[in-house]
Amino acid sequence: MKGIPKVESPFFDMEWFAQESEEIRNAAYSLNKNGFAVIDFPEPDFDEIAASIIKGLEPHFNLNEWRKEKGLDLRVHDAWKSNSKVKAIAANEKILSLLHKLYGRKAIPFQTLNFPVGTQQQFHSDSVHFSSVPERFMCGVWVALENTDENNGPLEYFPASHKLPIFNNQQIGCPHANQETPYEYYDKYVELWKTLVNRLNLKREVFHAQKGQAIIWASNLLHGGMAHLDKERTRHSQVTHYFFEDCAYYTPLTNEPFLN
């Protein structure tokens, strides 16, 4: 079924990956079962690239203000446009090949986000921000540019939550999307996600990543960032979001595909 990602197909079969490496087979199994897969980022010069990214983006990050102002967001959008090392991580050929094999279509990196600290972001599904037709042809790849632990904002996620339905504005009882106020109904999504976690007794897992580790997550996996407790420490990381070829792409918060 080419209209469904291989790793999310209801007919998923490990035999599809029988000729692939153990790493690819493990990633396929984990993505299908849990909605995420942890890998070592396939870049031999990773330490050098990570150091270059951290140094190159340093002028964008006002850590002193962040330490004083609760909730200040320091992320840099689309640094790949000006930083060749950020682009190298996003367009890594081995990652693109891996995603192609896992999803059955060519991967297209379309956005990077770089963080100097933990996001402390409420757990959420990326499907309300980035979606596709056919659905679920989107994923994120987060890579640790330095070690993370319980004190500097690790990731959290809820295994198997990617198998939940993908909800849109109509399904949560809200009228049409509004491009001028895209987050008008976002609190209702947050309420929905919290209710799903509680009603379905979904279990949180925390990712204490080592520098150079990466996590691939499915578009509908509930994930977020836990509290960054030690304000003297950083937690540099990069997320690249990918679409896949031969799809239509849209933002559910601001677009109604059936109304053009």
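Three strands form an open sheet in the order S7-S6-S9, with antiparallel pairing. Strands here are DSSP E runs of at least two residues, helices are H or I runs of at least four, and both are numbered from the N terminus. Two strands count as paired if DSSP finds at least two bridges between them. This is a predicted model, where local features need pLDDT of at least 70 and side-chain atom pairs count only at pLDDT 80 or more, while totals for chains, interfaces and linings use all residues. Residues are numbered from 1 along each chain as its sequence is written, and side-chain values use heavy atoms, leaving out hydrogens and water.

The edge strands are S7 (205-207) and S9 (223-225), each pairing on one side only. From one strand to the next, the twist averages 30°. Strand S6 (residues 155-157) joins S7 over three bridges, in the antiparallel sense. Tyr157 stands opposite Glu205 in S7.

Now the cores. A nonpolar core is a set of buried Ala, Val, Leu, Ile, Met, Phe, Trp, Tyr and Cys residues joined through side-chain atoms within 4.5 Å. Buried means under 20% relative accessible area (1.4 Å probe, protein chains only). The largest such core has 41 residues. Val7, Leu99, Leu102, Tyr103, Ile216 and Tyr242 touch the most other members. Several elements each supply at least two residues, including helix H1 (22-34), helix H5 (93-103) and strand S10 (237-244). H5 gives the largest share, six residues.

Leu102 touches, among others, Val7, Phe17, Leu31 and Ile216, not counting residues up to four places away in sequence; contact means heavy atoms within 4.5 Å. Another core, of 16 residues, lies apart and includes Phe123, Phe158, Tyr189 and Val190.

Technical notes. Buried means under 20% relative accessible area, exposed over 50%, partly exposed in between (1.4 Å probe, protein chains only). Axes are lines fitted to C-alpha atoms, for helices over the stretch in contact, and angles run from 0 to 180 degrees between N-to-C directions.
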